[in-house]
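Please look over the chain shown here before reading on.

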Amino acid sequence: MNQNFMKEKPVMPLVISMALPMTFSMLVNALYNIIDSYFVARISEDAMTALSLVFPLQNLVNAVVIGFAIGINATIAYFLGAQKQNTADKAASLGTLFNMIHGLILAVVCIAATAPFLAMFTDKRSIIDMGAAYAQIVFLFAVPNAAGLCFEKIFQSVGRMKTSMLCMLIGCVTNIILDPFMIFGIGFFPEMGIRGASIATGIGQMASLISYLLFYFFKPIPVKIRWKDMKPEAELSRKMYSIGVPATLSIALPSVQVSALNAILAVYSASYVLVLGAYFKLQTFLYLTGNGVVQGMRPLIGYNYGAGESKRVREIFRSALVLIAGVMVIGTILCMAVPQTLIGLFTSNPETIQFGKEALRLISIGFIASSVSVTVSGALEGLGKGKESLVISVLRYIAVILPLAFILSKILGAAGVWHAFWITEVVVAGISYVICKKEIFQ
């Protein structure tokens, strides 16, 4: 399969053609996240709180396996652009092995650590028990999930976005369909409550992996995964980890952020913890859509960078920024117009809905500014500049927002946390612009 279309097709149509399938699949993935939470919230408010508290651990696992898969993706795209097919094959093979090992280690650690972790944020036994029950099952699927995410990034690296979209959709739709049946015991399924939600998630991940394997064997891609290529090579491993580790940290940082913000908000009311969890479920609909554009942009930038097409790299960046900014405008309008409807998906408590209404309107002030940092960070990963991308993520998720949230909460109460979100996005957008001028438009 000839990959030259990545450096020959007009830029905006190319970015859209690469981004649209991934954006659509990200929308469905975000819809799954919301529907999953919606059904769990129908069990009880405690169940939704438990899911919110488990989220940081889930995000940690996903951060490691997705982050390293991004390293695989960028490495493959670069070597394909540089016309080094054998090295691209080795990156796919070795990277898949490494990521499955990552998944295994994380599964063992997280299953053991879930209950003590939850006890750090609540002493309510029902919340701890439901959170532990959910986590112990969902983490059993960490290895096949890691393998599936590797295939996702490998298919994307060669421009097979529609296949990647289809396989992701199969997993998400399977999960969405199974959720009500397994949670509430519809038909021949027993009523399993929050355990049913975790089993449905695992089955969805398996369905996605199986779909990738069928496409890999029956409709081959230019990159091959072979046992003989799984022998570790120091330089190749270093390149994948040099991109994958910063990408992992960037994705993992929200887990640290959520845990720290939960600790600040828990002082005021458990309802604020639920609101924060609901917001992070809702914002996935927005940021996963933006991430769909980033996933379409990343291999294009990597390929053209490897091929020495610097001017084209900059054009791809500009096109992606316009698309992501458009997504953020839509998100801002929705959060400003119907915040009570959005938060009402997760709770029927009038007081909690009022808290959530205020939170969404304040947080959404920073959505449009965040398009700059999201696009710059993704472009830097495509260029293999993982450290620079990590700097943006650290600023956005930890270094700016957490001190701000702590200080403002002392002045404004829980509302100070919501103000910290939009202030952070504006500050980090400015810093990202400076980094962009130096690293992308130099």
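## Domains

The domain assignment divides the chain into domain 1 (4-232) and domain 2 (244-441). The model is a predicted one, and the description below should be read with that in mind. Taken over C-alpha atoms, the centres of domain 1 and domain 2 are separated by 20 Å. To the contact between them, domain 1 gives 59 residues and domain 2 gives 48 residues.

Sorted by class, the contact of α3 with α4 holds 21 nonpolar and nine polar residues, with no charged residues.

The second pair is α6 and α7 (residues 161-184), whose axes come within 8 Å of each other and cross at roughly 155 degrees. By the cut-off of 145 degrees, α6 and α7 are therefore also placed as roughly antiparallel to each other. On the α6 side the contact is made by Glu 152, Phe 155 and Gln 156, while α7 contributes Met 161, Thr 163, Ser 164 and Met 168. The classes in the contact of α6 with α7 are three nonpolar, three polar and one charged.

## The largest pocket

The largest pocket holds about 310 Å³ of space, and its lining is made up of 15 residues, of which Leu 282, Phe 285, Leu 286, Gly 331 and Leu 334 lie nearest the centre. At least two lining residues come from each of α2 (11-43), α10 (270-306) and α11 (310-337), and α10 supplies the largest share, with six residues.

Which classes of residue make up the lining of the largest pocket? There are 12 nonpolar residues and three polar ones in this lining, and no charged residues.

## The second largest pocket

For the second largest pocket the volume is about 250 Å³. The lining of this pocket counts 13 residues, and those that lie nearest its centre are Thr 96, Met 100, Ile 225, Trp 227 and Met 230.

Three helices, α4 (85-119), α6 (142-157) and α8 (194-218), each supply at least two residues of the lining of the second largest pocket, with the largest share, four residues, coming from α8. By class, the lining of the second largest pocket divides into 11 nonpolar residues, one polar residue and one charged residue.

## Cavities

Rolling a probe the size of a water molecule over the atoms shows where empty space is left. The structure holds two cavities of 30 Å³ or more, and the second largest cavity contains about 60 Å³ of space. The residues lining the second largest cavity are Met 48, Ser 52, Phe 55, Val 258, Asn 262, Leu 276, Gly 277, Phe 280 and Lys 281.

Where does the lining of the second largest cavity come from, in terms of elements? Two or more of its residues are given by each of α3 (45-81), α9 (234-266) and α10, and α10 provides the largest share, four residues. In terms of domains, the lining of the second largest cavity draws at least three residues from domain 1 and at least three from domain 2. Its classes are five nonpolar, three polar and one charged.

How values were computed: Residues numbered from 1 in each chain as written. Predicted model: local features only at pLDDT ≥ 70, side-chain atom pairs only at ≥ 80, totals over all residues. Heavy atoms only, no water. 1 Å grid on protein atoms, 1.4 Å probe; cavity = no way out; pocket = protein on both sides within 12 Å on 5 of 7 lines; lining within 4 Å. Points joined across faces, edges and corners; volume = space filled by probe spheres on them. Nonpolar A, V, L, I, M, F, W, Y, C, P; charged D, E, K, R; others polar. Domains from an automatic or database assignment. Contact = heavy atoms within 4.5 Å. Axes fitted to C-alpha atoms, helices over the stretch in contact; angles between N-to-C directions. Parallel < 35°, antiparallel > 145°, perpendicular 65-115°, else oblique.
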